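Hi,

Here is the model I said I would pass on.

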Amino acid sequence: MQVAIIGTGYVGLTTGVCLAWLGHEVRCLDTDASKIDCLTRGECPIYEPHLSEMMAEVKTRLNFTTSYAEAIPEADVVFVAVGTPPSPDGSPDLKYLRAAAQSAGKHLGENFTVVVNKSTVPIGSGNWVESLIRESFATHRGIKPDGRFAIASNPEFLREGAALHDTLYADRIVVGADSSRALEVLYTLYRPLLEQSFSTPSYLPRPDGLGAVPMVATDLASAELIKYAANAFLALKISYINEIGQLAEKVGADVTLVAKGIGLDTRIGTRFLQAGLGWGGSCFGKDTAALISTASDYGLGMPIVTAAREVNRRQRERVVEKLLAELKILNGKTIGLLGLAFKPHTDDLRDAPSLEIAKALATRGCKVLAHDPVAMDRARREFPDVDIHYCATGEDVAHEADALILVTDWPQYQTLDWAVMAQQMKAHGNAGTRLRILLDGRNFLDARRMEMTGFRLVRVTG
Ligand SMILES: NC(=O)c1ccc[n+]([C@@H]2O[C@H](COP(=O)([O-])OP(=O)(O)OC[C@H]3O[C@@H](n4cnc5c(N)ncnc54)[C@H](O)[C@@H]3O)[C@@H](O)[C@H]2O)c1
């Protein structure tokens, strides 16, 4: 099938590459000309494991353009995957979605086209996008677009860092549409994924036991709500374990053992039960705020989701409080941050706790050293106002540092030369017990091992 993808970010590019892998002809469109230039040269503008590799392998079926006139008219399916960032009041800013819908409407071709919303959008947006497309088409062509297009919602559930895996081996594909013809087109598009009948990339083998992927067909509003409800649930799972972690700390329990003990109950599950600094990234904060904002339009409060957000906000403050308790005075101290990305295996810094912590420490007079395996260039480029001294290696953040904070649980941080790092750091404490302070923001490091290497390991939670 002929597919156009509007918006070539984390979601749009992954979707485009995976659909090309399945054999479809894909045109990826973005208004950011520098991004399209980069992609046209065969370079990948984001860090996502195996994405460059797969892009190269499907290049005969994958094109990049800034032109709606080139991408839209021939397409059987048009995906909209533009950003929907939060406005100051928590509701999503829909200006990119509006622009994309109007441009798509202007360029609709003669064939029946399904316009699929993959961006995370407030409930009711499907109908709004439909009216924008309809108006735009009528304005530019002077006729009504009756029968030429239908709208669908296909929320995205990929995790950055595992985006290709999650797209090819999804837990489910949710498609909302009020048109049965649109549902049929999307069923045909996704058939190789649903039936798992495609040949797998060597670097991403099919998980053992994965048979068919279920497709959940719904109306538009239900598909839109499924996305928000899923993200809010995951966010509150993280906040729940962080709340339990605070109690664990008081009563002398180990929250990682508590999480294991409850998570092995199959009704609960072990995932998203890792206590620590809390969530970040482009979705959970924005989507929980949007859910609360939508509910308030209908006179509803969302007390559980609101509490989850508050617990998460407090987790970031706790880092600075814990550091203060250890060092007493922060002014003039040097603090090393291990990790900047909001989670490992991505370079995404949106709502990353690292940046908030770096700002809070700089405001209190600290010198902040930081390292990240892939996100440092992006941090320099996108956050020039955050006062960070970037280090070439993880070990370098320990140089003359008064304390270290492990912010992102990159696997390679397990094997840093911790003994050398301890030697480079300043020690704190009483004459008899002078130790190097290490705050583990992800409950990631082995406390005994770190203590034997000369660190005092402090957890942010539990
Ligand atoms: N990133 C994730 O992990 C994730 C997961 C699930 C859902 N989502 C949702 O998917 C959507 C996209 O997220 P993302 O992280 O890929 O965003 P992104 O910011 O990485 O990419 C969006 C792209 O859209 C482009 N764009 C903006 N306006 C445009 C227009 N009018 N025409 C063409 N291109 C335009 C931008 O230049 C940008 O490249 C958001 O609604 C987000 O909430 C994201």
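Ile335 sits opposite Ala403 of strand S12, with helices and strands taken as DSSP runs (H or I, at least four residues, for helices; E, at least two, for strands) and numbered from the N terminus. Before I go on: this is a predicted model, where local features need pLDDT of at least 70 and side-chain atom pairs count only at pLDDT 80 or more, while totals for chains, interfaces and linings use all residues. Residue numbers start from 1 along each chain as its sequence is written.

Back to that strand. S9 (residues 334-338) and S12 (residues 403-406) run parallel and are joined by four bridges; two strands count as paired when DSSP finds at least two bridges between them. Four bridges also link S12 to S13, again in parallel, and there the bridge partner of Ala403 is Ile437. Side chains in a regular strand alternate between the two faces of the sheet. In S12, Ala403 and Ile405 point one way, Leu404 and Leu406 point the other way, and all are buried. For burial I count other C-beta atoms, placed from the backbone, within 10 Å of a residue's own: 20 or more is buried, 12 or fewer is exposed, and in between is partly exposed.

The whole sheet is open, with six strands in the order S11-S10-S9-S12-S13-S14 and parallel pairing. Its edges are S11 (389-390) and S14 (455-459), each pairing on one side only. Helix H12 (residues 303-327) lies across S12, S13 (436-440) and S14, at about 165 degrees to S13. Helix H13 (residues 353-363) lies across S9, S10 (367-371) and S12, at about 160 degrees to S10. Those angles run from 0 to 180 degrees between N-to-C directions, using lines fitted to C-alpha atoms, for helices over the stretch in contact.

On the domains: the assignment gives domain 1 (2-218) and domain 2 (238-459), with bounds from an automatic or database domain assignment. Their C-alpha centres lie 34 Å apart. Where they touch, 17 residues of domain 1 are in contact with 16 of domain 2, contact being C-beta atoms, placed from the backbone, within 7 Å.

Now the cores, meaning sets of buried Ala, Val, Leu, Ile, Met, Phe, Trp, Tyr and Cys residues joined through C-beta atoms within 7 Å. The largest has 67 residues, and Ile6, Val78, Val80, Ala104 and Val115 have the most contacts inside it. Helix H1 (residues 10-21) supplies the largest share of this core, eight residues. A second, separate core of 45 residues includes Leu340, Ala352, Leu416 and Val460.

Which residues does Trp21 contact, leaving aside neighbours within four places in sequence? They are Met54, Val58 and Phe198. Trp21 is found in H1 and counts as buried because 25 other C-beta atoms lie within 10 Å. Its C-alpha is 9.0 Å from that of Ser199, 178 residues away along the chain.

His50, in the loop between H2 (33-40) and H3 (51-57), has a positive phi near 70 degrees without being a glycine. His50 is partly exposed, with 17 other C-beta atoms within 10 Å. Glu400, in the loop between S11 and S12, also is not a glycine and has a positive phi of about 60 degrees. Glu400 is exposed, with 11 other C-beta atoms within 10 Å.

Cheers

Definitions and conventions:
Two residues are in contact if their C-beta atoms, placed from the backbone, lie within 7 Å.
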